[in-house]
Amino acid sequence: MAGNTFGSLFKVSTFGESHGKALGGIIDGCPAGVELNIEKVQYELNRRRPGQSSIVTQRNEIDRVNFISGIFNKKTTGSPIGFIIYNKDQKSDDYKHIKNVYRPSHSDFTYEKKYGIRDYRGGGRSSARETICRVVAGSIAKQIIKDIKIIAYVSSVGNISLDKSYQDLNLSEKIIESNSIRCPDLHYAKKMISEIEKIKSKGDTIGGIITCVIKNVPVGIGEPVFSKLHAELSRAMLSINAVKGFEYGSGFYGTKLTGSQHNDLFEQNEKTKTNLSGGIQGGISNGMDIYFRIALKPVATIMQEQKTIDKNGNIVYMKGKGRHDPCVLPRAVPIVESMVALVLVDYFMYNKLSKYSSIIK
């Protein structure tokens, strides 16, 4: 199986399955001498872990990370950083009923057709539990680029949308983390939570939108051709389970404007009066805030009977069992931030190679 590694200079390779013994990874290319706060890594994992509220899966995992190489006296040594997280609360019997059946809109069908074999227990390698490894690596990346502020939050659940600019919101960690949906507007947070609970009571699931804002990115991050900054951010976001769409800056709304309306006019301090570009021009950061939105679909496994097919192509009916997220949004917030950090740390390292004067310093 290919495609288990992300990054070019700062690379993370992940392994493990949802109902296997453990998940883990190798981070290759992390510079030596980075002073790591392991508790910050664990904090990010706690934000992602299951069982943290009534609106997420009730699988009970501690998700304690164990570092096994690459760190000495709380500093990185330059050698590969190995880590592992053991699964503790698998209930694989919950999946016996889909051993020979494909869940609608799930990767069950495509995975088995591609590889000729499938770990049906929780989705195996295609499970969103794999993202736990990304959060470990992303938390380390955050500590390397510590001056960059990455803030993600839930801005929409179903038809309930927080139609406010991020600039009009209090995006403090205290506010976002004060509610189980991770929405910075407490009035809308209550409405979103109520909607998820209503959908969950019907055995159904619901999707929504996560907004992400990146502050303090200097001018010059990104490449102008195939490795445009927004292209790499999009690639990172679309690699996250359930993500179906990505737009940055003015996005699709920008198509309704003329050039004179859309252009971000410069001011004397090299900032722009507006920021419809979303902090990126020509694939390179321009020093303004970078912001984007991603759409996440409803979880495919639902507690309602649906028509599908079995391995032999026969029409059958199946109903989900076990513990599943009625909405992935709140647990996806730290995953989004981690993937952003992995993209940016790679670019910061590449930037050291973009000028001769930077190399010889």
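This is a predicted model: local features need pLDDT of at least 70, side-chain atom pairs count only at pLDDT 80 or more; totals for chains, interfaces and linings use all residues.
Within the helix itself, which spans residues 108-115, the buried positions include Asp108, Tyr111 and Glu112. These three residues cover an arc of only 90° around the axis, which puts them on the same side of H2. Lys113 and Lys114, by contrast, are exposed and lie on the other side of H2. The spacing of such positions can be read against the geometry of the α-helix, which has 3.6 residues a turn, so that residues three or four places apart point the same way.

Among the strands, E3 (residues 22-28) is largely enclosed by the rest of the structure, because 5 of its 7 residues are buried. Strand E2 (residues 11-16) runs antiparallel to E3 and is joined to it by 6 bridges, with Ser13 having Ile26 of E3 as its bridge partner.

Aromatic contacts were examined next. A pair of aromatic rings is described by the distance of the centres and the angle of the planes. The structure holds 6 aromatic pairs. In one of them, the rings of Tyr102 and Phe109 have their centres 5.4 Å apart and their planes at 85°, so the pair is edge-to-face. Tyr102 is buried, with a relative accessible area of 4%, whereas Phe109 is partly exposed, its relative accessible area being 36%. The pair formed by Tyr166 and Tyr291 is instead tilted, with 5.5 Å from centre to centre and 45° between the planes. Because Tyr166 lies in the loop between strand E9 (160-161) and helix H4 (173-176), and Tyr291 in strand E14 (residues 290-296), this pair ties together parts that are 125 residues apart in sequence. Both Tyr166 and Tyr291 are buried.

With regard to the interior, nonpolar side chains in soluble globular proteins tend to be buried together. The largest nonpolar core of the model has 82 residues, and those with the most contacts inside it are Ile181, Ile210, Ile214, Met237 and Leu344. Helix H8 (residues 329-351) contributes the largest share of this core, namely 14 residues. Apart from this core lies another, of 5 residues, among them Ile98, Val101, Tyr120 and Met318. When neighbours within four places in sequence are left aside, the residues in contact with Ile214 include Ile148, Ile150, Leu233, Ile290, Phe292, Val340 and Leu344, together with Lys149 and Asp289.

A buried arginine was also considered. Arg48, which lies in helix H1 (residues 38-48), is buried, with a relative accessible area of 2%. The side chain of Arg48 makes a polar contact with the side chain of Thr131, at 3.2 Å. Not counting residues up to four places away in sequence, Arg48 touches Asp63, Ala128, Arg129, Thr131, Ile132 and Val135, as well as Arg331, Pro334 and Ile335.

Definitions and conventions:
Residues are numbered from 1 along each chain as its sequence is written. Side-chain values use heavy atoms; hydrogens and water are left out. Buried means under 20% relative accessible area, exposed over 50%, partly exposed in between (1.4 Å probe, protein chains only). Helices (H or I, at least four residues) and strands (E, at least two) are DSSP runs, numbered from the N terminus. Two strands pair if DSSP finds at least two bridges between them. Rings of Phe, Tyr and Trp (its six-membered ring) pair if their centres lie within 6.5 Å; planes under 30 degrees apart count as stacked, over 60 as edge-to-face and the rest as tilted. The arc is that of the directions from the helix axis to the C-beta atoms. A nonpolar core is a set of buried Ala, Val, Leu, Ile, Met, Phe, Trp, Tyr and Cys residues joined through side-chain atoms within 4.5 Å. Contact means heavy atoms within 4.5 Å. A polar contact is a pair of N or O atoms within 3.5 Å; within protein, one must be able to donate a hydrogen and the other to accept it, and residues adjacent in sequence count only if both atoms are side-chain atoms.
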